[in-house]
Amino acid sequence: MATETLTLGKALNAGLRKALENDPKVVIMGEDVGKLGGVFRITDGLQKDFGDQRVIDTPLAESGIIGTAVGLAIRGFRPVCEIQFDGFVYPAYDQIVSQVAKMHYRSQGKVRIPMVIRIPYGGGIGAVEHHSESPEAYFAHTAGLKVVTCANPQDGYSMIQQAIASDDPIVFLEPKRRYWEKGPVELDAPLGEAYPLHAARVARPGTDATVLAYGPMVRTALDAATAAAEDGRELEVVDLRTLSPLDLTAAYESVKRTGRCVVVHEAPGNLGLGSEIAARITEECFYSLESPVLRVTGFDTPYPAARVEEEYLPDLDRVLDAVDRTFGW
Amino acid sequence: MAKGDPGAATRSKRAAPRTKRAAATGEPELVQLLTPEGERIESALGPDGTEYRVDFTDEEYRGLYRDLVLVRKLDAEATALQRQGELGLWASLLGQEAAQVGSGRALRTQDMAFPTYREHGVLYCRGIDPIMPLGLFRGVDQGGWDPNEFKFNMYTIVIGAQTLHATGYAMGVAMDGKTGSDEGEAVIAYFGDGATSQGDVNESFVWASVFNAPLVFFCQNNQYAISEPLERQTRVPLYQRAGGFGFPGVRVDGNDVLASYAVTRHALDNARHGQGPSLIEAYTYRMGAHTTSDDPTRYRIASEVEAWQAKDPIARMKAFLTKQQIVDDSFFAEVDEQARAESVHLRERVLAMPDPEPVTMFDHVYPNGSPELDEQRAQFTKYLESFEGSAH
């Protein structure tokens, strides 16, 4: 088995390449995805190898990207659309929410839109405004869309292929500040044997409290767990991976053992994924809880200027502070 | 309708074809082959010098008339059904029959159409049972069918959204190598004058142009976007917008079924041969309300409606058939009887549409399903069952 050490960005690139190789109906489309290879180089080299009919540089209009991809999907293609940055997805919001999400439902199952919408999301790269947002709740709230996010190179490689192979329309969120983090990737493992797309996974086992995180915050949660262990406290970290549908099976099992739960995400707390997760855990694990489910999130402000984003983003200390509070209840 | 291609437009230049010029008539410049009085015009020039003409057999003329009458009658039946509480809403095509029948009959079997929610006439010309969209308006379903089975996409209610779908589909046609011959595929996108202000429509113009998509943009300019007149959407004639995007545009008399056919057939054939997109502005008038929820007397005057009444698409076709002695009175009676019978049949089937079972609202949200939804459905089913045996 060929295991290589790749960055998340390279792993995603390898996964996209594999998808293009395996299915001639897969097309990649977006702004600058061709010659440039995307502003983050996730599609680097793909147009050169697969041609400009498979890897399409589109005009600069997000609604157009998604809307034309709907037509391509009706025609039988499997479009993989890149939205350049999280904050630029909103011009396409109508097409995603009113068209992509509802075609299968409206047609009583006769029309499938097997589309993947890749969005580099989240902060931490010192960007100007509109380049650091976490829009997952908008899409997770929309019936008909599935929403997933990867946290490490292996998942990036497998999950992007699984998402493209799925007939469900999937918003695929890529934690942009983790693009350069490396990890082992099994390049030759059959996709059928990969960990399921719509399933959470325990990223680090523990016994004292449960930390639920996804995307860029999984790394933060794992760092917090390492720090907590030095103080003699074992945190269990669950990487949620799938945000719609949520898979909280592992979370319920964990919280019933630990009695304490902290949910972490970069997006603002108000009506964020953490709110839904806290409600469900409270319903399911009520008699096991030693404290309320706590949330560590971005604040309910617009994403702030880059020089203060380190204070906005949940970090190791804020996670540990919340864990401490679950013990002080 | 036409087997083979007797009605194809030709590009050959002939002596002194007519165009209606704004200066001469007070009318906007448009392609017309049948006057409101039912006089045939041999051929007409488009703004780029294209000459449009049709050469139908008598039987084909009769077929077009039959289509016009049938789609108007079925539409009137749907309006009546709404008034009687059997449909929640209806968007009438009254006045736009010629634009829809002309363009609909211009489509070849392999062509694909992307309608708004008012293209009942195009749907009929595609050979689709007119009952199909009524589930949406009765509220028993969301109006779904398989676009590829009928070569006719689902109705789209969000204004202009379907033009991007049509563009993507047309890009796919080209990517599949299905252009460049008589057997090539072309795509038509329907929208209205109000939609031309939408970003999606303008984006679809950009996309279709730069990718040279085999696509005809068919704008039925019926003069109103609900209450807002054309002047609120544009300062230039809509067909002239095409020039800025890099493809040809033409304005056709949308109440003239012959010209609508000729112009659309020409544009579709150009598209299927790989010559890219074009824009047709079918200049027409919405004789009825925007939908059954609308009251047009609040925003337009009776004399305007009367002026358009004089340009009625069916009356001019009837006058033409009569003057040319293509038909006799028994033909008109026979068509009216067919229309009556089909509308009765439609009514009976609408009334027989069953309400869906409540739990079916959980069906088809995702091709691969969702455990969360499965759980909600199970809970809801159990909840409903808790009422079984109790008095409602």
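Helix H10 (residues 273-285) of chain A lies across strands E10 (209-213), E13 and E14 of chain A and runs at about 160° to E13(A). Here helices (H or I, at least four residues) and strands (E, at least two) are DSSP runs numbered from the N terminus; contact is assigned where C-beta atoms, placed from the backbone, lie within 7 Å. Axes are lines fitted to C-alpha atoms, for helices over the stretch in contact, and angles run from 0 to 180 degrees between N-to-C directions. The model is predicted, with local features requiring pLDDT of at least 70 and side-chain atom pairs counted only at pLDDT 80 or more, whereas totals for chains, interfaces and linings use all residues. Residues are numbered from 1 along each chain as its sequence is written, and chains are lettered from A and ligands numbered from 1 in the order in which they are written.

In chain A, an open sheet of five strands has the order E9-E11-E10-E13-E14 with mixed pairing, two strands being paired if DSSP finds at least two bridges between them. Strands E9 (201-204) and E14 (294-298) of chain A are the edge strands, each pairing on one side only. Strand E13 (residues 261-268) of chain A runs parallel to E14(A) and is joined to it by five bridges; Val262(A) stands opposite Leu294(A) in E14(A).

The domain assignment of chain A gives domain 1 (3-193) and domain 2 (201-327), with bounds taken from an automatic or database domain assignment. The C-alpha centres of these two domains of chain A lie 26 Å apart. Contacts involve 24 residues of domain 1 of chain A and 22 residues of domain 2 of chain A. On the domain 1 side, helix H6 (136-140), strand E6 (146-149) and strand E7 (170-175) of chain A each supply at least two residues, and the largest share, four residues, comes from E6(A). This side of domain 1 of chain A divides into nine nonpolar, seven polar and eight charged residues. Ala, Val, Leu, Ile, Met, Phe, Trp, Tyr, Cys and Pro count as nonpolar, Asp, Glu, Lys and Arg as charged, and the others, Gly among them, as polar.

For chain B, the assignment gives domain 1 (22-351) and domain 2 (366-392), with C-alpha centres 43 Å apart. An open sheet of five strands in chain B has the order E3-E4-E5-E9-E8 with parallel pairing. Strands E3 (112-114) and E8 (249-253) of chain B stand at the edges with a single partner strand each, so one side of each is left without a neighbour in the sheet. Strand E4 (residues 187-192) of chain B is joined by six bridges to the parallel strand E5 (residues 215-221) of chain B, and Phe191(B) stands opposite Cys219(B) in E5(B).

Helices H2 (residues 58-83) and H3 (residues 97-106) of chain B pack at an angle of about 125°, with their axes 10 Å apart. That makes H2(B) oblique to H3(B), the class left after under 35 degrees (roughly parallel), over 145 (roughly antiparallel) and 65 to 115 (roughly perpendicular). The residues of this contact comprise five nonpolar, one polar and four charged.

Between the chains, 34 residues of chain B are in contact with 35 residues of chain A. H7 (161-175), H8 (199-210) and H14 (371-385) of chain B are the helices giving two or more residues to the chain B side, and H7(B) provides the largest share, 10 residues.

Definitions and conventions. Two residues are in contact if their C-beta atoms, placed from the backbone, lie within 7 Å.
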